[in-house]
Amino acid sequence: MHILVGLHAGLGEIGALAALWVLVELLNASEASLRRARIAALVAVIFFIGSWFAGGYNYLTDYATAVKPLIKSGPLPWAHLVITETKEHVFLFLPFLSIIQLALLTRFNKEILVDQNFRKAATYIAILAVLLALAMVGMGVLISSGFRAALEALIL
Amino acid sequence: MVVSATVVVWLIVVMTILTEISASFKEFLTQLAGHHWTAKSLISVFVFMLLSLILKNSLEDSGAILKSVTTLFVSVVLGGLIIFSYFIWGFLAE
(Lines give C-alpha, C1' and ligand atoms only; values in the text may rest on other atoms or scores of the structure.)
Protein backbone atom coordinates (compact mmCIF):
# COMPACT_ATOMS: atom_id res chain seq x y z
CA MET A 1 0.00 0.00 0.00
CA HIS A 2 2.75 2.41 0.91
CA ILE A 3 4.53 1.79 -2.39
CA LEU A 4 1.42 2.58 -4.40
CA VAL A 5 0.70 5.73 -2.43
CA GLY A 6 4.34 6.77 -2.69
CA LEU A 7 4.34 6.11 -6.43
CA HIS A 8 1.11 8.04 -6.92
CA ALA A 9 2.34 11.00 -4.87
CA GLY A 10 5.84 10.92 -6.34
CA LEU A 11 4.66 10.81 -9.94
CA GLY A 12 2.13 13.56 -9.25
CA GLU A 13 4.67 15.79 -7.55
CA ILE A 14 7.16 15.44 -10.39
CA GLY A 15 4.31 16.32 -12.74
CA ALA A 16 3.56 19.36 -10.57
CA LEU A 17 7.20 20.46 -10.69
CA ALA A 18 7.20 19.99 -14.46
CA ALA A 19 4.04 22.13 -14.71
CA LEU A 20 5.76 24.80 -12.61
CA TRP A 21 8.81 24.58 -14.88
CA VAL A 22 6.53 25.27 -17.89
CA LEU A 23 5.14 28.35 -16.13
CA VAL A 24 8.59 29.68 -15.27
CA GLU A 25 9.80 29.22 -18.86
CA LEU A 26 6.73 31.08 -20.16
CA LEU A 27 7.32 34.11 -17.95
CA ASN A 28 10.33 35.10 -20.02
CA ALA A 29 9.57 33.40 -23.30
CA SER A 30 12.29 32.93 -25.88
CA GLU A 31 12.96 30.21 -28.45
CA ALA A 32 15.19 28.35 -26.03
CA SER A 33 12.83 28.70 -23.07
CA LEU A 34 9.88 27.50 -25.16
CA ARG A 35 11.90 24.46 -26.21
CA ARG A 36 12.47 23.68 -22.53
CA ALA A 37 8.81 24.40 -21.76
CA ARG A 38 7.75 21.80 -24.35
CA ILE A 39 9.99 19.19 -22.72
CA ALA A 40 8.60 20.09 -19.30
CA ALA A 41 5.04 19.94 -20.64
CA LEU A 42 5.68 16.45 -22.04
CA VAL A 43 7.14 15.38 -18.68
CA ALA A 44 4.02 16.76 -16.95
CA VAL A 45 1.70 14.79 -19.26
CA ILE A 46 3.61 11.53 -18.77
CA PHE A 47 3.85 11.87 -15.00
CA PHE A 48 0.26 13.02 -14.45
CA ILE A 49 -0.97 10.03 -16.47
CA GLY A 50 1.36 7.78 -14.48
CA SER A 51 0.00 9.26 -11.26
CA TRP A 52 -3.53 8.66 -12.58
CA PHE A 53 -2.82 4.95 -13.05
CA ALA A 54 -0.96 4.50 -9.75
CA GLY A 55 -3.54 6.46 -7.79
CA GLY A 56 -6.42 4.76 -9.52
CA TYR A 57 -5.03 1.30 -8.86
CA ASN A 58 -4.45 2.17 -5.20
CA TYR A 59 -7.92 3.70 -4.92
CA LEU A 60 -9.61 0.61 -6.36
CA THR A 61 -7.63 -1.89 -4.28
CA ASP A 62 -5.89 -1.07 -0.99
CA TYR A 63 -7.67 2.24 -0.41
CA ALA A 64 -11.11 0.72 -0.97
CA THR A 65 -10.59 -2.28 1.30
CA ALA A 66 -8.23 -1.06 4.01
CA VAL A 67 -8.07 2.72 4.13
CA LYS A 68 -11.53 4.05 3.32
CA PRO A 69 -13.40 2.05 6.00
CA LEU A 70 -10.89 3.15 8.64
CA ILE A 71 -11.06 6.84 7.72
CA LYS A 72 -14.87 6.77 7.64
CA SER A 73 -15.05 5.20 11.09
CA GLY A 74 -12.29 7.39 12.52
CA PRO A 75 -12.24 10.90 13.98
CA LEU A 76 -11.89 12.59 10.56
CA PRO A 77 -14.46 10.94 8.27
CA TRP A 78 -14.59 14.09 6.11
CA ALA A 79 -11.07 13.19 4.95
CA HIS A 80 -12.75 10.59 2.75
CA LEU A 81 -16.31 11.87 2.44
CA VAL A 82 -15.25 15.32 1.27
CA ILE A 83 -11.56 15.33 0.39
CA THR A 84 -11.11 11.94 -1.34
CA GLU A 85 -14.45 12.30 -3.11
CA THR A 86 -13.40 15.74 -4.38
CA LYS A 87 -9.86 14.71 -5.22
CA GLU A 88 -10.77 11.58 -7.19
CA HIS A 89 -12.95 13.65 -9.50
CA VAL A 90 -11.13 16.97 -9.73
CA PHE A 91 -7.88 15.08 -10.42
CA LEU A 92 -9.44 13.97 -13.71
CA PHE A 93 -9.16 17.57 -14.99
CA LEU A 94 -5.38 17.54 -14.66
CA PRO A 95 -4.21 15.12 -17.38
CA PHE A 96 -6.41 16.89 -19.94
CA LEU A 97 -5.08 20.29 -18.85
CA SER A 98 -1.53 19.05 -19.25
CA ILE A 99 -2.32 17.65 -22.72
CA ILE A 100 -3.79 21.03 -23.74
CA GLN A 101 -0.65 22.70 -22.39
CA LEU A 102 1.58 20.46 -24.49
CA ALA A 103 -0.63 20.91 -27.55
CA LEU A 104 -0.54 24.72 -27.27
CA LEU A 105 3.23 24.80 -26.84
CA THR A 106 3.76 22.40 -29.75
CA ARG A 107 1.21 23.73 -32.24
CA PHE A 108 1.85 27.43 -31.60
CA ASN A 109 5.55 27.36 -30.69
CA LYS A 110 6.41 30.24 -33.05
CA GLU A 111 3.22 32.24 -32.50
CA ILE A 112 3.68 32.30 -28.69
CA LEU A 113 6.78 34.45 -29.13
CA VAL A 114 5.07 37.13 -31.20
CA ASP A 115 1.38 37.00 -30.25
CA GLN A 116 0.37 38.12 -26.74
CA ASN A 117 -2.88 36.14 -26.90
CA PHE A 118 -1.11 32.82 -27.45
CA ARG A 119 1.36 33.59 -24.69
CA LYS A 120 -1.45 34.52 -22.29
CA ALA A 121 -3.36 31.34 -23.20
CA ALA A 122 -0.32 29.14 -22.54
CA THR A 123 0.41 30.99 -19.28
CA TYR A 124 -3.17 30.70 -17.99
CA ILE A 125 -3.13 26.93 -18.58
CA ALA A 126 0.25 26.67 -16.86
CA ILE A 127 -0.99 28.60 -13.81
CA LEU A 128 -4.09 26.42 -13.63
CA ALA A 129 -2.12 23.19 -13.92
CA VAL A 130 0.25 24.24 -11.13
CA LEU A 131 -2.58 25.34 -8.82
CA LEU A 132 -4.56 22.17 -9.47
CA ALA A 133 -1.52 19.94 -8.93
CA LEU A 134 -0.74 21.72 -5.66
CA ALA A 135 -4.37 21.29 -4.59
CA MET A 136 -4.00 17.55 -5.25
CA VAL A 137 -0.90 17.43 -3.03
CA GLY A 138 -2.73 19.28 -0.26
CA MET A 139 -5.73 16.99 -0.48
CA GLY A 140 -3.45 13.96 -0.40
CA VAL A 141 -1.94 15.21 2.84
CA LEU A 142 -5.41 15.64 4.35
CA ILE A 143 -6.44 12.12 3.32
CA SER A 144 -3.25 10.62 4.78
CA SER A 145 -3.87 12.61 7.95
CA GLY A 146 -7.39 11.20 8.14
CA PHE A 147 -5.99 7.67 7.85
CA ARG A 148 -3.33 8.32 10.47
CA ALA A 149 -5.85 9.86 12.86
CA ALA A 150 -8.03 6.77 12.47
CA LEU A 151 -5.08 4.46 13.18
CA GLU A 152 -4.07 6.51 16.21
CA ALA A 153 -7.61 6.36 17.55
CA LEU A 154 -7.40 2.57 17.34
CA ILE A 155 -4.12 2.09 19.14
CA LEU A 156 -3.82 5.04 21.50
CA MET B 1 -8.93 20.69 -28.28
CA VAL B 2 -9.39 23.38 -25.62
CA VAL B 3 -13.15 23.19 -26.19
CA SER B 4 -12.93 19.39 -25.82
CA ALA B 5 -11.26 19.81 -22.44
CA THR B 6 -13.94 22.27 -21.29
CA VAL B 7 -16.70 19.87 -22.30
CA VAL B 8 -14.94 17.03 -20.47
CA VAL B 9 -14.63 19.16 -17.31
CA TRP B 10 -18.38 19.73 -17.23
CA LEU B 11 -19.04 16.11 -18.16
CA ILE B 12 -17.02 15.04 -15.12
CA VAL B 13 -18.95 17.46 -12.90
CA VAL B 14 -22.30 16.16 -14.18
CA MET B 15 -21.25 12.49 -13.92
CA THR B 16 -19.93 13.06 -10.39
CA ILE B 17 -23.18 14.51 -9.10
CA LEU B 18 -25.37 12.10 -11.09
CA THR B 19 -23.47 9.18 -9.57
CA GLU B 20 -24.31 10.46 -6.11
CA ILE B 21 -28.00 11.10 -6.73
CA SER B 22 -28.86 8.25 -9.09
CA ALA B 23 -28.21 4.68 -8.04
CA SER B 24 -29.09 3.45 -11.53
CA PHE B 25 -26.52 5.75 -13.16
CA LYS B 26 -23.91 4.57 -10.68
CA GLU B 27 -24.84 0.96 -11.46
CA PHE B 28 -24.60 1.69 -15.19
CA LEU B 29 -21.09 3.09 -14.75
CA THR B 30 -20.07 0.15 -12.56
CA GLN B 31 -21.30 -2.34 -15.15
CA LEU B 32 -19.48 -0.42 -17.89
CA ALA B 33 -16.03 -0.62 -16.31
CA GLY B 34 -16.16 -2.49 -13.01
CA HIS B 35 -16.12 0.70 -10.90
CA HIS B 36 -17.88 4.03 -11.38
CA TRP B 37 -14.65 6.01 -11.11
CA THR B 38 -12.94 3.89 -13.77
CA ALA B 39 -15.94 4.38 -16.04
CA LYS B 40 -15.82 8.16 -15.52
CA SER B 41 -12.12 8.13 -16.41
CA LEU B 42 -12.68 6.07 -19.57
CA ILE B 43 -15.70 8.12 -20.68
CA SER B 44 -13.71 11.33 -20.16
CA VAL B 45 -10.84 10.05 -22.28
CA PHE B 46 -13.21 8.82 -24.99
CA VAL B 47 -15.18 12.07 -25.17
CA PHE B 48 -11.98 14.15 -25.16
CA MET B 49 -10.50 12.15 -28.03
CA LEU B 50 -13.73 12.13 -30.02
CA LEU B 51 -14.34 15.86 -29.67
CA SER B 52 -10.69 16.68 -30.39
CA LEU B 53 -10.94 14.68 -33.63
CA ILE B 54 -14.23 16.32 -34.62
CA LEU B 55 -12.96 19.82 -33.83
CA LYS B 56 -9.41 19.40 -35.10
CA ASN B 57 -9.91 21.66 -38.10
CA SER B 58 -11.57 24.46 -36.16
CA LEU B 59 -10.23 28.01 -36.43
CA GLU B 60 -6.94 28.78 -34.71
CA ASP B 61 -7.30 32.53 -34.31
CA SER B 62 -5.29 33.65 -31.27
CA GLY B 63 -8.20 35.67 -29.85
CA ALA B 64 -10.54 32.70 -30.08
CA ILE B 65 -7.99 30.42 -28.44
CA LEU B 66 -7.42 32.86 -25.57
CA LYS B 67 -11.19 33.05 -25.10
CA SER B 68 -11.45 29.23 -25.11
CA VAL B 69 -8.62 28.92 -22.59
CA THR B 70 -10.22 31.53 -20.34
CA THR B 71 -13.48 29.56 -20.51
CA LEU B 72 -11.56 26.38 -19.64
CA PHE B 73 -9.90 28.16 -16.70
CA VAL B 74 -13.23 29.36 -15.33
CA SER B 75 -14.79 25.93 -15.95
CA VAL B 76 -12.07 24.10 -14.03
CA VAL B 77 -12.33 26.50 -11.07
CA LEU B 78 -16.15 26.51 -11.05
CA GLY B 79 -16.41 22.79 -11.71
CA GLY B 80 -13.97 22.04 -8.91
CA LEU B 81 -15.84 24.30 -6.50
CA ILE B 82 -19.17 22.70 -7.44
CA ILE B 83 -17.83 19.20 -6.78
CA PHE B 84 -16.19 20.28 -3.50
CA SER B 85 -19.30 22.13 -2.34
CA TYR B 86 -21.53 19.18 -3.20
CA PHE B 87 -19.52 16.80 -1.06
CA ILE B 88 -19.26 19.29 1.82
CA TRP B 89 -23.03 19.72 1.68
CA GLY B 90 -23.50 15.95 1.59
CA PHE B 91 -21.22 15.50 4.60
CA LEU B 92 -22.88 18.23 6.64
CA ALA B 93 -26.34 16.98 5.76
CA GLU B 94 -25.63 13.51 7.18
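**View 1. Confidence across the elements of chain A in a predicted model.** Helix H5 (residues 111-114) of chain A has the lowest mean pLDDT among the elements of that chain, at 89. H3(A) has the highest, at 95. Here pLDDT is the predictor's confidence in each residue, from 0 to 100. Helices (H or I, at least four residues) and strands (E, at least two) are DSSP runs, numbered from the N terminus. Chain A as a whole has a mean pLDDT of 92, and 99% of its residues reach 70 or more. This is a predicted model, in which local features need pLDDT of at least 70, side-chain atom pairs count only at pLDDT 80 or more, and totals for chains, interfaces and linings use all residues. Residues are numbered from 1 along each chain as its sequence is written, chains are lettered from A and ligands numbered from 1 in the order in which they are written, and side-chain values use heavy atoms, with hydrogens and water left out.

**View 2. The fold of chain A.** Chain A holds 6 helices and 0 strands. Along the sequence the pattern is α-α-α-α-α-α. Its C-alpha atoms fill a box of roughly 60 × 20 × 20 Å along the principal axes. Of its 156 residues, 50% count as buried. Buried means under 20% relative accessible area, exposed over 50%, and partly exposed in between (1.4 Å probe, protein chains only). Contact means heavy atoms within 4.5 Å. Among contacts in chain A with a separation of 6 or more, 79% join residues 24 or more positions apart. The chain exposes about 7,100 Å², and carbon and sulfur atoms supply 69% of that area. Accessible areas come from the Shrake-Rupley method with a 1.4 Å probe; for residues, only the protein chains shown count as cover.

**View 3. The fold of chain B.** Chain B has 4 helices and 0 strands. From the N terminus on, the elements run α-α-α-α. The C-alpha trace spans about 50 × 30 × 15 Å along its principal axes. Of the 94 residues, 38% count as buried. For contacts in chain B with a separation of 6 or more, residues 24 or more positions apart account for 72%. The accessible surface of chain B is about 5,200 Å², with 73% belonging to carbon and sulfur atoms.

**View 4. The largest nonpolar core.** A nonpolar core is a set of buried Ala, Val, Leu, Ile, Met, Phe, Trp, Tyr and Cys residues joined through side-chain atoms within 4.5 Å. The largest has 67 residues, of which A:Phe93 and A:Leu105 touch the most other members. Elements of both chains each supply at least two residues, including helix H1 (2-27) of chain A and helix H4 (62-93) of chain B. H6(A) gives the most, with 15 residues.

**View 5. Around A:Leu105.** Residues up to four places away in sequence are not counted here. A:Leu105 touches A:Val22, A:Leu26, A:Leu34, A:Ala37, A:Arg38, A:Ala41, A:Ile112 and A:Ala122.

**View 6. A:Thr123 in helix H6 of chain A**. A:Thr123 counts as buried because its relative accessible area is 15%. Leaving out residues up to four places away in sequence, A:Thr123 touches A:Leu23 and A:Leu26.

**View 7. A nonpolar surface patch.** A:Leu151, A:Leu154, A:Ile155 and A:Leu156 form this patch, with about 500 Å² of accessible area together. Patches are made of residues with over 30% relative accessible area and no salt bridge: like charges are joined within 9 Å, nonpolar side chains (Val, Leu, Ile, Met, Phe, Trp, Tyr) within 5 Å. A salt bridge is a side-chain nitrogen of Lys or Arg within 4 Å of a carboxyl oxygen of Asp or Glu. A:Leu151 lies in helix H6 of chain A. Its relative accessibility is 35%, so A:Leu151 counts as partly exposed.
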